[in-house]
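I opened this entry to record what I looked up in the structure. The notes follow the order in which I checked each point.

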Amino acid sequence: MSGRGAVRAAALAAFASAALACGGGDEGAGLDAAAARGKTVYDNVCTACHSRDPREDGALGPRVAGASQELLEAKVLRGVYPPSFVPKLPSAAMPKYEYLAGSMGDVAAYLATIPASP
Ligand code: HEC
């Protein structure tokens with residue numbers, strides 16, 4: 001590697017760790033940038049019905065810790081479940097949130113940091 005290449009690699013590494021470090025803000029401390037963005041969406045939108053602790057059932061919605069991106073895209077964006085998924089509740093009370101299409105990866109990253117209770 002030339003000297004200039006090494007400098008550029010070091011600069012890129014510094015940039016990457018800085019980008020990860022500022023993803024969170026106070027509440028997202030310890031989460032990577034995607035999971036921290038997902039937590040913000042979850043806390044702002046989903047906790048109207050789901051528990052602030054995704055391992056627990058909320059006022060209306062069931063626990064969602066560990067929910068996959070496939071499940072989130074089906075349920076949140078299209079109001080359906082993935083094939084062969086067994087819903088925790090038989091109701092169909094949850095509205096669709098199509099405007100969150102760009103955030104399902106982030107929400108999945110956040111919910112993946114919280115393992116579903118057995
Ligand atoms: C208005 C209340 C409400 C809001 C807001 C809401 N949900 Fe729900 N959610 C429900 C209810 C009620 C159910 C149970 C199924 C049904 O009735 O649609 C549910 C079910 C789910 C399920 C299926 C869980 C399972 O294992 O069966 C997922 C995943 C889910 N919600 C994710 C989310 C996410 C992510 C958000 C935020 C973007 C969100 N919900 C916002 C009410 C809500």
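Predicted model: local features only at pLDDT ≥ 70, side-chain atom pairs only at ≥ 80, totals over all residues.

**Leu72 and its surroundings**

I then looked up the nonpolar core. The largest one has 13 residues, and I listed Leu72 among those with the most contacts inside it, together with Ala67, Met104, Val107, Ala108, Tyr110 and Leu111. Two or more residues of this core come from each of helix 2 (33-44), helix 3 (69-78) and helix 4 (104-112). Helix 4 gives the largest share, 5 residues.

**Helix 3 against helix 4**

Next I asked how the axes of helix 3 and helix 4 lie, and at what angle they cross. I noted that the two axes come within 9 Å and cross at roughly 125 degrees. The crossing of helix 3 past helix 4 is right-handed.

I went on to the residues that meet. Helix 3 brings Gln69, Leu72, Glu73, Val76 and Leu77, and helix 4 brings Met104, Gly105, Val107 and Ala108. By class, I recorded 6 nonpolar, 2 polar and 1 charged in this contact.

**The whole protein**

Last, I looked up the overall figures. The protein has 4 helices and 0 strands, and its elements run α-α-α-α from the N terminus. I noted that 19% of the 118 residues are buried. Of the contacts between residues at least 6 apart in sequence, 55% join residues at least 24 apart.

Definitions and conventions. Residues numbered from 1 in each chain as written. Core = buried A, V, L, I, M, F, W, Y, C linked by C-beta atoms within 7 Å. Buried ≥ 20, exposed ≤ 12 C-beta atoms within 10 Å, placed from the backbone. Axes fitted to C-alpha atoms, helices over the stretch in contact; angles between N-to-C directions. Left-handed = near helix turned anticlockwise from the far one by under 90°. Contact = placed C-beta atoms within 7 Å. Nonpolar A, V, L, I, M, F, W, Y, C, P; charged D, E, K, R; others polar.
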